[in-house]
Amino acid sequence: MTDNKLLEVEHLTMRFGGLVAIDNLSFTANKREITAIIGPNGAGKTTVFNCLTGFYVPTEGRLTLHADDGPRLLERTEGFRIPRNNGVARTFQNIRLFTGMTVLENLIVAQHNRLMEASAFSIAGLFNLGRYSRAEKAAIEKAEFWLNKVGLYDQADWNAGNLPYGSQRRLEIARAMCTDPSLLCLDEPAAGLNPRESAELNVLLQSIRDDQGVGCLLIEHDMSVVMQISDHVIVLDYGRKIADGNPEAVKNDPAVIRAYLGEDEDDELPPEVAADLNVDPNAH
Ligand SMILES: Nc1ncnc2c1ncn2[C@@H]1O[C@H](COP(=O)(O)OP(=O)(O)OP(=O)(O)O)[C@@H](O)[C@H]1O
């Protein structure tokens, strides 16, 4: 199964002063799989993403992306090079689109690096019309492909900031996919979506995995999304891994149920989380 590894996280530790946000975390995410990272608030999920995508330099540990042309050590790569050179794309908990640009422009800007390469990073290169215009045409085709895929073709000329919230979430995913990632990191993509939008998101993410062959790393509080589409679930609590397995095994794991219920006798799980974790929300 070694060939199937996409991301290897080994002994990752992230400290902020005296606070240990991630404590000696190791896990593997495979190619063509959706790997979910779940856990209560403050468990360290976003910190893992921030280490993988260069926002934080880990205190300790090794983060290896097994790209098609060989392994890349993410913790040694400058943050801005990670999407460009290592093929790791990301969406954010709080949507970060270019709201003053159109929907189409957001998808073209995402391909800026490839267009600049085609221009040979020079004015002269821009006038090498054959090469640059081929790259421009390919960028527009890719944008059109993703506009169709996320159902936003008819809104291509809208300002991104005027899209409804659920559409902005889909546009953010489309923008990330326009960078041709090998690993797509999604930070709470279902947050704020209604049940219909959430179901559409499931279909989109499964298609990114199955049709595009892209591995996804997913932080999500919506257990219906996690349980329905994940191949593999990692559970964090206070920065430590407490479970690692398929969704069925994880949802029945007593350590996971305990982490969500807490030790406090008065704690109650929201009914939808309890249902997905197979527990009686009032049972203590
Ligand atoms: N830049 C930072 N400086 C100091 N502490 C931080 C920083 N970033 C995260 N933390 C702390 O690290 C811990 C883990 O935070 P993190 O945001 O990764 O959790 P999370 O599992 O993503 O939570 P949530 O589900 O609420 O988004 C928290 O105690 C948080 O306060």
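**Basis of the entries.** I am working with a predicted model, in which local features need pLDDT of at least 70, side-chain atom pairs count only at pLDDT 80 or more, and totals for chains, interfaces and linings use all residues. Residues are numbered from 1 along each chain as its sequence is written, and side-chain values use heavy atoms, with hydrogens and water left out. I took helices (H or I, at least four residues) and strands (E, at least two) as DSSP runs, numbered from the N terminus.

A backbone N or O atom of Gly44 lies 2.9 Å from a ligand oxygen atom. A polar side-chain atom of Tyr56 is 3.1 Å from a ligand nitrogen atom, and one of His221 is 2.9 Å from a ligand oxygen atom. Taken alone the ligand exposes 640 Å², of which the protein buries 64%; these areas come from the Shrake-Rupley method with a 1.4 Å probe.

**Helix H1.** I then checked burial (buried is under 20% relative accessible area, exposed over 50%, partly exposed in between; 1.4 Å probe, protein chains only). Seven of the eight residues of H1 are buried, among them Lys45, Thr47 and Phe49. Just after H1, Gly54 takes a positive phi of about 85°.

**Helix H7.** H7 (residues 165-177) has 13 residues and reaches 19 Å from its first C-alpha to its last, close to the 18 Å expected. The expected span is 1.5 Å times one less than the number of residues. H7 is largely enclosed by the rest of the structure, because 12 of its 13 residues are buried. Arg169, Arg170 and Arg175 are included among the buried residues.

**Arg62.** Arg62 lies in strand E4 (residues 60-67) and counts as partly exposed at 42% relative accessibility. Leaving out residues up to four places away in sequence, I found that Arg62 touches Glu8, Val9, Glu10, Leu73 and Glu75, where contact means heavy atoms within 4.5 Å. The C-alpha atoms of Arg62 and Leu74 are separated by 7.8 Å, with the two residues 12 apart along the chain.

Notes. A polar contact is a pair of N or O atoms within 3.5 Å; within protein, one must be able to donate a hydrogen and the other to accept it, and residues adjacent in sequence count only if both atoms are side-chain atoms.
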